[in-house]
Amino acid sequence: MNNTLYNEIINEHNLRPYHKYHLEGANLTLEGVNPSCGDEITLSLKVEDGIIKDGAYEGDGCAISQASADIMLDMIIGKTKEEALHLCDLFLRMIKEGISPEERDELEEAGILESVSHMPARVKCAVLGWRTMKEMF
């Protein structure tokens, strides 16, 4: 993955996030904190009939943590809990140990964060939203 594309996607989701707002009517909410750097998010989901109908986050942190949470929400809205947890598992494995090219394709835009696995100090930033969503379920 070239650095220009990586930077464009991270900057787009960090500077103009689609899902960073207070979600009225959320029935699942959980705060996630990265104590090593101070990144924090509050993830809110609206789940109806087993489907994630809507989602948003609020919080502050580095570009990677904020962009990763925004990308994650793009991917899980409209999915079942099981589908969202499957994507979460793929993402966490991609960052921590690596996945196959086919599995990476399933992650779509989130696959851009694969290079974070080579930056140990940034791993916790990238997984903050995903870990919070997994704890929520």
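In what order do the three strands form the open sheet, and is the pairing parallel or antiparallel? The order is β1-β2-β3, and the pairing is antiparallel; strands, like helices, are DSSP runs numbered from the N terminus (E over at least two residues for strands, H or I over at least four for helices), and two strands pair if DSSP finds at least two bridges between them. Because β1 (28-34) and β3 (51-60) each have a single partner strand, they stand at the edges, and one side of each is left without a neighbour in the sheet. Neighbouring strands are turned against each other by 20 degrees on average, direction ignored.

This is a predicted model, in which local features need pLDDT of at least 70 and side-chain atom pairs count only at pLDDT 80 or more, whereas totals for chains, interfaces and linings use all residues. Residues are numbered from 1 along each chain as its sequence is written, and side-chain values use heavy atoms, with hydrogens and water left out.

Seven bridges join β1 to the antiparallel strand β2 (residues 39-48), and within this pairing Glu31 has Thr42 of β2 as its bridge partner. Helix α2 (residues 63-76) packs on the sheet, where it touches β2 and β3, contact meaning heavy atoms within 4.5 Å. The direction of α2 makes about 170 degrees with that of β3; axes are lines fitted to C-alpha atoms, for helices over the stretch in contact, and angles run from 0 to 180 degrees between N-to-C directions.

Asn34, which lies in strand β1, counts as buried at 2% relative accessibility (buried means under 20% relative accessible area, with a 1.4 Å probe and protein chains only). Leaving aside residues up to four places away in sequence, Asn34 touches Asp39, Lys124, Cys125 and Leu128.

Turning to the helices, the axes of α2 and α5 come within 8 Å and cross at roughly 35 degrees. Among the residues that meet there are Ser68, Ala69 and Met72 in α2 and Cys125, Gly129 and Trp130 in α5.

A search of the whole structure finds one aromatic pair, for which ring centres must lie within 6.5 Å, with planes under 30 degrees apart counting as stacked. The rings of Phe91 and Trp130 have their centres 4.3 Å apart and their planes at 10 degrees, so the pair is stacked. Since Phe91 lies in helix α3 (residues 81-96) and Trp130 in helix α5 (residues 120-136), the pair ties together parts that are 39 residues apart in sequence. Both Phe91 and Trp130 are buried.

Methods: Phe/Tyr/Trp six-rings, centres within 6.5 Å; stacked < 30°, edge-to-face > 60°. Buried < 20%, exposed > 50% of the residue type's maximum accessible area, 1.4 Å probe, protein only.
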